[in-house]
Amino acid sequence: MTIRRTRWLVAAQAAMLLVLASGCGDYQKINDRSQIIGIGVDPVPGKPDLLAFTLQVPDLELATQQSSSLGTGGRQGGESVPYKNFYVEATSVQSAVSRAQTMYDKAFFLGNLETVVFQTGLSERDLTRVTEQLMRDETIDKLAYVVATRDSARSVLEARTNAPPATTIEAMWYNDMPQRGYSAPEKLWQFWRDAELIGREPHVPLVEATDDSIRIEGTEVYFGYQPVGWLTPDDTVFYNFLMGQVRAISISIPDGNRSFDVRIVRSRAHLREVPTPQGMVLLDDIHVRANLNATETMAQRPLTNREVERYEDVVERYLQANCARVLRALQSVQADTLGFGYRYLIHHPERIYEIRDHWGEAFGRARIRVTVKCRISREGNLL
Amino acid sequence: MNAQNERLYNLSAFQAIALFSSSFLPVMFWIYPTVAVHYARLDAQWSLLCTVLIGVFISWVHGRLNDRFPNMTGPDFACLVWGRWMGKAITALYVPVYLLFLGVSLYFAISLMKYFFPLTMRMWLALAMIVVAWRGAWCGVEAMGRASAIVHPLTFAGILASFGAILANADQPLIPISFTSLSQTASGIYHLLPLYLGMDLILIVNPYYRHRRGKSEWYPVIATAIGGVVVMLVFFSIVVNLGFTPTERLAYPVQVVIQLIRLRGFLVERLGIVIIILSVAYTTLFLGNHIWALSSTVARIVGASDHKFRPFTFFVAPSIFAISQIIATTTQARDIVTVILAPASWVVVVVIPLCTYLIASLRGIRTDTREEIQPEGRQRRAARRRARRSP
Amino acid sequence: MHWFKSFTERLGFTNPVRGRYRPRIPNQRDMPTYTGHLEDALKYFRSTVGQSDDFVVRIFEIGKVTGALLFYTSICDKRAVEDTLRAIHRHRFPRRPPRPLPQYLVERVLTGSEAMFMASTFELKQAIAAGKLVMLLDGHPPAIVISAKAVEHRAPDQPILETSTRGSQVAFVENIDINLGMIRQYMSTDTLVIKRWSIGVRSHRVVAMVYVRDIANPILVETVSRRLEAIHTDTINGSAAVEQRIVDHPWSLFSLVRMTSRVDGTCMELNQGKVAIVVDGDPTVLLAPATFQDFFQTVEDYMHTWWEATFMRLLRVVAFVLAVWLPALYIAFVDYSPDLLPKTMALQIAQSRQGVPFPAVMEVVIMQLVVEILREATLRMPRQMGQAISIVGGLVVGEATVQAGIVSNVLLIVVALSAVAVFVTPSYEFTVMTRLGGWVMIVAATLLGFYGVVLATIWTLFEICNLYSFGIPYVDPLGGDHVKDTFLDGLVRLPITVLDRRPEHLHPVDTTGDTDLMVPMPNPHLEKWEPGGNRPQADMRRQKENWRKRKRLDL
């Protein structure tokens with residue numbers, strides 16, 4: 001065979017290989033796909049094996065019809081796009097997606113999942129199952145936010161917000177909002193991790209749909225996958241103080257008949273657990289840096305240094321009392337969402353089985369000591 | 001230049017280190033935290049550290065072996081030390097172990113790609129990678145050394161940056177320091193050694209890099225130390241984020257944790273997925289290195305020159321592809337790693353080189369007295385010392 | 001094994017040239033020599049070179065000796081002919097013609113700068129064809145050949161492609177003598193060596209190899225010269241024909257030789273240890289060897305501060321990445337893995353592609369073809385029509401395709417950016433590689449998305465790592481040998497104060513060039529100078545000694 005013929009043969013084989021070997025199985029036009037941005041899970045009354053799924057997708061066709069000009073007309077794409085919900089009853093997330101696919105002409109994909117909404121009435125078994133399915137799926141974005149609701153997840157995902165509700169919920173924490181205090185966000189992977197971890201329990205923000213927005217209603221606390229209680233938004237602030245995750249939030253500190261306002265710049269918490277013969281002692285040292293927003297005297301006279309120090313003491317006492325109260329509330333349901341048990345495990349790895357089986361009780365019985373140190377560093381424009 | 005216009009050019013130190021660095025890790029990289037936590041529980045970090053130290057030590061033994069027999073490939077000095085037939089038998093033992101190891105590595109790499117290409121047949125993904133790796137091996141060790149010198153520093157920097165960021169962003173960075181159980185730690189070490197399987201490529205690259213007394217024995221050590229840093233960093237970033245027990249439940253913990261990187265405002269937000277696909281570059285290079293090395297080994301076993309390795313790639317590359325296709329599930333692949341590759345790696349990576357070195361030392365067999373070795377390392381230092389003492 | 005070797009060698013993707021060491025030896029055996037019989041010689045020349053109508057025979061007499069001047073009037077300088085005749089006619093010859101007469105004429109009469117003696121009619125015919133003046137004397141061999149070539153050429157002008165804001169703006173012209181003269185003017189060293197060959201059996205094109213004898217590696221010089229000598233062909237049209245016959249990998253996509261038309265750039269590269277190949281009739285000079293990094297450097301980098309130079313080099317790398325990979329990544333991200341993009345961007349792209357009937361691949365292919373057509377048309381269209389076609393191109397590529405729903409507007413940005421980024425790399429031959437490389441990546445992205453792009457990149461990397469350019473690996477110094485060169489004068493261009501050594505990857509004979517980067521009078525302190533006062537103390541050491549001296553006196 002001549003060189004030229006050999007080369008043509010090789011080229012033909014390569015071309016055939018290219019045709020046969022095309023990865024066209026995964027090639028799909030972006031317009032033929034539809035990303036599921038929100039999943040809501042509700043229990044189905046009377047059918048314990050089934051769950052009611054709400055799948056939310058952005059509706060690009062409607063968006064294009066509404067604005068026929070080129071591009072998005074200056075709006076941020078995806079943030080103000082109309083949405084579409086699919087309601088399916090199924091036993092699992094993937095089977096729900098498959099059923100919903102029969103109702104839509106675009107292929108669903110879960111790579112851009114933004115929010116997962118759990119109804120608080122879901123049983124431990126249901127929640128474990130759904131979380132396992134979400135974590136097992138390789139393509140699901142594990143950085144989606146998990147929220148809970150005491151209403152139905154469907155109502156949350158039907159809220160009349162500007163952007164799709166799932167995007168609105170995610171944007172509360174994703175958009176680098178400086179304020180953190182009234183909510184304790186939890187991502188899907190963190191929820192799963194805390195539920196599986198020895199010595200730590202998950203928590204999830206509670207949301208509720210209002211007339212034209214979605215409101216944070218506090219924090220739902222779990223023991224494993226079992227919801228055991230919830231904290232109000234105000235208590236969530238103290239919970240965040242215990243975690244050292246408060247920032248850029250203004251709170252009013254009562255001082256007898258009067259009160260003053262401080263803006264918490266940031267807080268840090270240092271957790272320790274000390275086993276003693278009488279039982280476990282849980283220590284939480286909180287350091288707070290704050291700015292003064294309003295004084296008791298309403299700036300009628302200049303502020304003195306001693307007064308500022310007194311304010312700091314008042315803040316410390318106030319936070320200490322309330323943080324201890326919230327911690328005792330968590331103890332009452334044996335939900336160690338702060339991670340004392342895990343820290344104890346790290347320092348005493350030989351006690352892994354003891355911690356795994358009995359930490360809830362030990363946490364419930366432990367003595368707590370919360371100390372707060374506050375420093376007011378700025379007083380603003382007025383003296 | 002010789003009559004075939006071939007350059008008999010040696011690899012520089014940088015190229016050799018890059019080549020060595022890209023010869024191990026992929027078989028266990030994606031699963032080792034799970035394996036470590038499964039066998040060693042909360043002593044996983046200790047077993048990992050010990051494995052790294054063993055790997056560094058054994059790489060030094062490899063370096064010393066190489067310097068003892070410069071200009072000879074591993075099969076050649078194995079025959080010299082063990083005797084001809086025993087040496088060939090020992091070298092032949094490497095072939096099935098390495099074929100299996102490479103097949104499993106390819107399987108794991110393709111399994112990860114299936115995450116992002118669920119509808120594409122595994123066969124095509126594997127075929128694409130093995131063809132590119134084959135082409136690299138065909139080009140020869142100098143080209144592979146240059147490619148490694150370009151790709152490996154970028155990969156290393158990328159891993160340091162990404163996993164360093166993941167580690168820094170952990171909310172509760174907690175690592176147990178106390179030591180719990182010797183048996184668990186030993187079990188972990190035993191099962192983690194396949195991390196360094198592939199290191200024996202150092203022995204076949206022996207004639208291709210410049211040997212300098214006192215210096216070239218440390219090239220493999222630098223490479224394994226770099227690998228060790230990567231391994232420890234990735235492990236810590238996984239366990240401080242996920243904790244120990246959840247890590248044990250994940251099939252590919254590295255893949256899960258790397259997806260935690262999200263660069264808000266950047267052109268590619270889910271950087272983790274990009275990094276996983278970029279790891280394909282490292283794996284392809286790794287496969288190419290080993291196809292070349294294994295082909296050269298087989299060539300030496302049958303008595304052909306290691307420069308004429310190309311025909312043997314027709315045996316090695318399809319075998320690796322076939323093995324990767326025979327493996328059915330991830331659990332099967334993990335069983336192969338823990339049940340077959342773990343003990344095999346102890347034999348081929350630790351026992352055989354160590355025994356070879358000891359026997360060579362005891363019997364006084366060495367070939368470094370010829371002019372191939374350049375005695376610039378230690379002697380130059382002595383000269384400088386003398387110069388300082390003179391008035 | 002032999003069958004396997006020949007099979008693989010034939011099908012190798014970057015098969016190197018098969019070596020050949022036989023220099024070109026023209027067949028001179030059948031040609032007669034000039035023995036002094038003028039009539040016979042004239043008859044022979046009339047039957048061979050005289051078939052051309054511009055062949056002239058000018059008879060003259062020196063005493064009783066008849067002579068003839070043979071030349072082509074179209075190429076030979078008439079003034080040289082007239083000067084020769086004038087010199088002969090004005091000279092007072094002795095009564096008896098001196099012997100040997102040719103030698104007497106060359107030494108005492110003729111005024112031409114180059115005069116040679118030739119006897120072979122083959123060489124005489126070559127000389128006539130080359131524009132030289134041949135003088136035959138009846139009864140007095142050998143013939144005298146005087147250089148008298150006069151061809152119109154243009155004056156050195158600005159370079160067309162390699163413009164710069166600073167530095168010399170002189171480019172090479174088509175005439176090799178002028179080009180070599182300009183090189184000598186910029187590199188006035190006695191160690192600059194020029195070797196000339198006449199290549200092409202019919203074209204006899206002069207090709208010169210220029211190098212600096214005490215810098216360039218002797219093996220490199222020998223390689224280039226032997227490859228030039230070994231060119232067997234009938235015509236050479238320019239430097240491209242020479243380049244394609246001397247490179248190591250003629251099948252490779254990558255250019256293995258750097259081209260330039262700037263004189264200062266050529267001299268700078270000669271100083272680094274490279275060899276320049278100058279071809280008569282082509283203002284483009286070849287520089288060998290070339291490495292991958294060379295295509296991202298220009299001589300202008302050395303005319304700016306190191307900040308600007310480094311920034312420009314990094315910008316070129318970024319532009320190269322954009323040019324090659326951006327369209328492919330668009331396909332991979334949009335149609336394979338949209339979850340890699342920022343969410344809002346993915347939705348924006350999806351929205352902008354609503355109604356577009358084609359997948360991303362077809363969009364990219366259509367737009368890339370349109371851009372290539374526009375590029376080629378711009379090269380060849382008459383200048384008067386340029387503006388009109390540009391408007392049409394902008395309209396076609398821009399608004400109209402988007403309005404018609406053929407492509408999305410995001411793709412326009414991608415294609416426009418990659419089209420422009422192609423030309424940020426300073427070397428034109430590299431832009432071809434960039435454009436073709438972009439197509440390869442598009443095919444890879446179509447087949448296997450981002451995974452395919454990565455594999456194609458690695459394959460390309462293997463190919464590049466396998467290339468050699470005149471003995472130097474193509475990826476040097478990026479490939480791990482001489483890594484220092486990458487950071488001194490590669491990706492980063494450090495200040496001149498640290499560039500005291502030549503790049504090692506070219507293996508020059510002289511590594512430092514006697515470079516001393518210490519600056520005299522580092523702190524002249526002009527502000528302390530007073531008219532009529534002492535010279536301000538510039539040397540800190542001496543100043544401290546003065547202080548110490550003063551202190552002793554105080555004690």
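**Exercise 1. Contacts along chain C**

Task: Determine what percentage of the contacts in chain C between residues at least 6 apart in sequence join residues at least 24 apart.

Solution: The model is a predicted one. Two residues are taken to be in contact if their C-beta atoms, placed from the backbone, lie within 7 Å. Among the contacts of chain C that link residues at least 6 apart in sequence, 68% join residues at least 24 apart.

**Exercise 2. Overall form of chain C**

Task: Compare the radius of gyration of chain C with that of a compact globule of 555 residues.

Solution: Begin with the reference value: a compact globule of 555 residues would have a radius of gyration near 24 Å. The value for chain C is 32 Å. Next, consider the extent along the principal axes, where the C-alpha atoms of chain C fill a box of roughly 105 × 95 × 65 Å. Finally, 40% of the 555 residues of chain C count as buried. The secondary structure of chain C consists of 17 helices and 12 strands.

**Exercise 3. Chain C against chain B**

Task: Identify which element supplies the largest share of the side of chain C that touches chain B.

Solution: The contact takes 29 residues from chain C and 33 residues from chain B. Helix H1 (2-11) and helix H15 (428-465) of chain C each contribute at least two residues to the chain C side. The largest share, 12 residues, comes from H15(C). The chain C side divides into 19 nonpolar, eight polar and two charged residues.

**Exercise 4. A helix pair in chain A**

Task: Classify the packing of helices H8 and H9 of chain A as roughly parallel or roughly perpendicular.

Solution: Helix H8 (residues 233-243) and helix H9 (residues 305-332) of chain A pack at an angle of about 95°, with their axes 9 Å apart. H8(A) is therefore roughly perpendicular to H9(A), since angles of 65 to 115 degrees count as such. The contacting residues include A:Phe238 and A:Phe241 of H8(A) and A:Leu319 and A:Val326 of H9(A). By class, the contact has eight nonpolar, one polar and one charged residues.

Terms used: Residues are numbered from 1 along each chain as its sequence is written. Chains are lettered from A and ligands numbered from 1 in the order in which they are written. This is a predicted model: local features need pLDDT of at least 70, side-chain atom pairs count only at pLDDT 80 or more; totals for chains, interfaces and linings use all residues. Helices (H or I, at least four residues) and strands (E, at least two) are DSSP runs, numbered from the N terminus. The radius of gyration is taken over C-alpha atoms; the globule rule is 2.2 Å times the number of residues to the power 0.38. A residue is buried if 20 or more other C-beta atoms lie within 10 Å of its own, exposed if 12 or fewer, and partly exposed in between; C-beta atoms are placed from the backbone. Ala, Val, Leu, Ile, Met, Phe, Trp, Tyr, Cys and Pro count as nonpolar, Asp, Glu, Lys and Arg as charged, and the others, Gly among them, as polar. Axes are lines fitted to C-alpha atoms, for helices over the stretch in contact, and angles run from 0 to 180 degrees between N-to-C directions. Angles under 35 degrees count as roughly parallel, over 145 as roughly antiparallel, 65 to 115 as roughly perpendicular and the rest as oblique.
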